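Open the model in your viewer and keep the selection tool at hand. We will go stop by stop, one selection at a time.

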Amino acid sequence: MTTMQVELVSSEEHIFSGEAEYVVAPGSEGELGIYPHHISLINKLKPGLFRVKLPQKEIQLIYVISGGFLEVQGNKVTVLADVVERTDDLDEAKLLEQKRIAEEKLKNSGASMDKDDAKSYAALELIIAQLQAVDYMRKQSRRS
Amino acid sequence: MAAGKEIRTQIKSVQSTQKITRAMQMVATSKMRKTQDRMRQARPYADKVREVMAHLAQATEKSASPFLRIPAQTKRVGIILITADKGLCGGLNTNAIKLFAEKLRDYKDQNVEVEVCTLGQKGLVAANRLKVNVVSSAVSLGDVPQMEKLIGPLTGIFRDFHDEKLDAVYVVYSKFVNTMKQQPIFEQILPLSDRDLRVESKYPWDYIYEPSAEEVLNQLVRRYLESVIYQCLADNMASEQASRMIAMRSATDNAGEAIHQLSLAYNKSRQAAITKELAEICAGAAAV
């Protein structure tokens with residue numbers, strides 16, 4: 001099985017570096033799956049899940065990122081994430097509550113979007129991504 | 001010679017000062033390690049962003065992004081002044097501000113307008129005192145550099161460069177050389193120098209861009225600039241703690257020295273009083 005080098009760094013620290021069979025990233029125009037020897041590519045990322053399939057392992061590593069960039073060049077994938085959230089201490093109930101509050105806030109503000117709204121909109125996207133992560137991990141643990 | 005009681009109070013006050021400086025020294029020592037770790041942790045991101053940006057800049061035209069332009073002349077410059085929030089850290093802030101004031105004078109002589117963005121309380125106070133045009137500022141940055149706190153103040157200055165209102169952007173901060181040495185640095189951020197964009201060209205072909213080359217490049221340059229400033233701030237925080245540790249250590253040593261001198265004086269005056277009293281008794285006895 002061919003593999004490729006993957007690097008995940010956030011602005012505050014280096015998160016992951018290693019070989020992978022494939023990765024799945026939340027591209028701004030849609031989800032991207034990248035296998036080894038992909039063509040050179042630079043892609044903007046939106047908030048969502050970044051998944052790494054390690055060679056010879058059933059489970060995937062899951063990271064929640066709040067946007068950033070992905071570069072593919074010469075069988076190497078580099079992800080420059082703005083913020084990476086940890087996925088091992090996510091609390092679904094708390095997230096659902098946060099989501100409800102964020103949605104309420106946005107509903108009240110109506111059609112006019114100001115700076116604060118943009119911020120809470122971004123926060124909402126991140127919460128949704130975290131919920132996806134919870135969901136995904138649950139599925140994964142059921143499978144194994 | 002001062003009376004015994006007065007010296008005793010003096011000793012006590014110096015002792016309590018010493019306690020404070022020793023505590024501050026220890027706090028600074030433990031924080032210094034953490035800030036140094038953070039300084040190192042921020043490096044991979046900055047390196048990677050630079051790498052990707054350099055690849056991109058090579059693959060696209062120089063005119064693709066306003067951030068890549070090289071202005072013909074320098075009429076207006078922006079300076080980002082990074083200092084600590086708190087004092088009591090030796091000459092750290094003073095040196096950085098001195099360097100800043102020097103550069104201000106140079107620009108004034110050359111009739112170049114300056115706008116300033118300050119990060120850290122001390123820099124803001126100094127900039128206001130020097131009566132420069134402060135366009136944005138951030139204070140109370142704490143001990144952990146946080147990207148969110150930086151983005152707001154920096155946006156203005158980078159946008160001005162983007163809109164050709166500024167011809168160059170510089171940063172002043174204290175570089176962490178080692179624990180004993182911190183160097184105030186004046187560095188060019190924009191326009192991007194060749195050093196920033198140099199790359200070993202293994203893959204000269206172009207990329208696929210999503211959404212578009214321009215948008216990707218613009219946002220990437222912004223991230224690069226932010227990460228450079230973040231790195232400077234992390235450096236500055238490590239310098240602050242190291243410098244404070246050194247300053248507090250010498251303050252503690254000096255207080256010890258002062259206590260030694262004072263107790264010597266106290267013992268002397270006590271001995272003198274006893275001798276005097278004895279002499280008086282002897283003299284009295286002899287008179288009888």
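**Stop 1: a helix in chain B**

Select helix 5 of chain B. Buried in this helix are B:M147, B:L150, B:L154, B:I157, B:F158 and B:F161. A residue counts as buried if 20 or more other C-beta atoms lie within 10 Å of its own, as exposed if 12 or fewer do, and as partly exposed in between; C-beta atoms are placed from the backbone. Helices (H or I, at least four residues) and strands (E, at least two) are DSSP runs, numbered from the N terminus.

Before moving on, note what you are looking at. This is a predicted model: local features need pLDDT of at least 70, side-chain atom pairs count only at pLDDT 80 or more, and totals for chains, interfaces and linings use all residues. Residues are numbered from 1 along each chain as its sequence is written, while chains are lettered from A and ligands numbered from 1 in the order in which they are written.

Stay on helix 5 of chain B, residues 147-162. Where does the helix bend? Look at B:L154, where the bend is about 40 degrees. The bend is the angle between axes fitted to the seven residues ending at a residue and the seven starting there. Now step just past the helix to B:E164, which has a positive phi of about 65 degrees.

Next, show what surrounds the helix. Its buried residues pack against strand 1 (76-82), strand 2 (113-119), strand 3 (133-138), strand 4 (168-178), strand 5 (181-190) and helix 7 (213-287) of chain B. Contact here means C-beta atoms, placed from the backbone, within 7 Å.

**Stop 2: the sheet of chain B**

Select those five strands. They make an open sheet in chain B with the order 3-2-1-4-5 and mixed pairing. Two strands pair if DSSP finds at least two bridges between them. Strand 3 and strand 5 of chain B are at the edges with a single partner strand each, so one side of each has no neighbour in the sheet. From one strand to the next, the twist averages 25 degrees.

Zoom in on strand 1 and strand 2 of chain B. They run parallel, joined by seven bridges. Find B:R76; opposite this residue, in strand 2 of chain B, is B:E113.

Axes are lines fitted to C-alpha atoms, for helices over the stretch in contact, and angles run from 0 to 180 degrees between N-to-C directions.

**Stop 3: chain A**

Switch to chain A. Two helices and eight strands are found here.

Select strand 6 of chain A. Why is this strand largely enclosed by the rest of the structure? The reason is that 10 of its 14 residues are buried.

- Strand 5 of chain A runs antiparallel to strand 6 of chain A, with 12 bridges. A:L49 stands opposite A:V64.
- Strand 7 of chain A pairs with strand 6 of chain A in the antiparallel sense over six bridges. A:F69 has A:L80 as its bridge partner.
- Strand 8 of chain A (residues 84-85) is antiparallel to strand 6 of chain A, over two bridges. Here A:V64 stands opposite A:E85.

The hairpin of strands 5 and 6 of chain A has six residues between the strands, and A:Q56 in the turn has a positive phi of about 55 degrees. In the hairpin of strands 6 and 7 of chain A, A:G74 takes a positive phi near 55 degrees.

**Stop 4: where the chains meet**

Show both chains. In this interface, 22 residues of chain A contact 24 residues of chain B. Strand 5 of chain A gives the most to chain A's side, with four residues. Which strand of chain B does strand 5 of chain A join through three bridges? Select strand 6 of chain B (residues 208-210); the two strands run parallel. End on A:I42, whose bridge partner there is B:Y209.

Technical notes. Two residues are in contact if their C-beta atoms, placed from the backbone, lie within 7 Å.
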